[in-house]
Amino acid sequence: DSSTPILLSARRRVFYPDTQKAIAWGNADQSVRVISNDGKVFAAFDVPEDDEITCADISHSGSIFVTGGNSQVVKIWFVSGWEKRNAEPSFRLYRKLYGHTHSISSLLANEEYGLLISGGLDGKCIVWDLTRGYFVTSLNPPLGPITAVAINPNNCEIITASFAENQSTLRLWNVNGKLPASRTMNHTVLSMAIS
């Protein structure tokens, strides 16, 4: 029956270093919630109706939360109070970053290098200064919607995945935005991790 709603579970990103709590977004009411592993809600805030969150990340310290959505805006939030066992974390919007012309599809916050990387369905991959909230560089060429981003913790190399013409292209960028390597494959890459 087409009138029966399809219930989708929230997308989650676990807090670091406190793995007892997680941030859940993509809820039916468009709220962002801090929840415990057993489902207890510690805190919640509403997202404007015109900005469905499509991706998010949290820094390893748990003090910076970043979101991207259909509004084409990357948002940096400061988080406090999460480290106390039963405390209610609070979120304060720090910066709105503009540069994408379509929905944000992938985000990565890296405190070690002070970088925020955003990828969008517009094919843009933008590197931002995480702590100041400023544009650093744009990784070119855009050859299709960005599906995933990652950063090498050993040398700050950035890897992007994009999808066009039924192929994914992985690109390796150095810290200066130069493209030393790329590889095309016949399947879709939706997430990446570097160890």
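1. How many bridges join S15 to S16, and in which direction do these strands run? Five bridges join the two strands, which run antiparallel. One of the residues concerned is serine 168, whose bridge partner in S16 is methionine 185. The model under discussion is a predicted one, and this should be kept in mind for each point below.

2. The overall composition may be stated first. The protein contains 16 strands and zero helices. It has 195 residues, of which 45% count as buried. Among contacts with a separation of 6 or more, 36% are between residues 24 or more positions apart.

3. Strands S15 and S16 belong to an open sheet of four strands, in which the order is S13-S14-S15-S16 and the pairing is antiparallel. Strand S13 (146-151) and strand S16 (181-185) stand at the edges; each has a single partner strand, so one side of each is left without a neighbour in the sheet. From one strand to the next, the twist averages 15 degrees.

4. Another open sheet of four strands has the order S5-S6-S7-S8, and its pairing is antiparallel. Its edge strands are S5 (53-58) and S8 (90-98), each of which pairs on one side only. Here the twist from one strand to the next averages 25 degrees.

5. Five bridges join S5 to S6, and five bridges join S6 to S7.

6. The turns on either side of S6 may be read together. The hairpin of S5 and S6 has five residues between the strands, and glycine 62 takes a positive phi near 80 degrees there. The hairpin of S6 and S7 has three residues between its strands; in this turn glutamine 72 has a positive phi of about 75 degrees.

7. Are the residues of strand S6 (64-69) buried or exposed? Six of its six residues are buried. In a regular strand the side chains alternate between the two faces of the sheet. In S6, Ile64, Val66 and Gly68 lie on one side, while Phe65, Thr67 and Gly69 lie on the other, and both faces are covered.

8. Serine 106 is placed in strand S9 (residues 104-110). Why does serine 106 count as buried? Its relative accessible area is 8%, and buried means under 20%, so serine 106 falls within that class. A polar atom of its side chain lies 3.2 Å from the backbone nitrogen of valine 149. Apart from neighbours within four places in sequence, serine 106 is in contact with Cys55, Ile117, Ser118, Gly119, Thr147, Ala148 and Val149.

9. Rolling a probe the size of a water molecule over the atoms shows where empty space is left. A search of the whole structure finds one cavity of 30 Å³ or more. The largest cavity has a volume of about 50 Å³. Twelve residues line it, and Leu139, Pro141, Ile146, Thr160 and Trp173 lie nearest its centre. The elements that give two or more residues to this lining are strand S14 (158-164) and strand S15 (167-173).

Key:
Residues numbered from 1 in each chain as written. Predicted model: local features only at pLDDT ≥ 70, side-chain atom pairs only at ≥ 80, totals over all residues. Heavy atoms only, no water. Pairing = 2+ DSSP bridges. Axes fitted to C-alpha atoms, helices over the stretch in contact; angles between N-to-C directions. Buried < 20%, exposed > 50% of the residue type's maximum accessible area, 1.4 Å probe, protein only. Polar contact = N/O pair within 3.5 Å; in protein donor to acceptor, adjacent residues only side chain to side chain. Contact = heavy atoms within 4.5 Å. 1 Å grid on protein atoms, 1.4 Å probe; cavity = no way out; pocket = protein on both sides within 12 Å on 5 of 7 lines; lining within 4 Å. Points joined across faces, edges and corners; volume = space filled by probe spheres on them.
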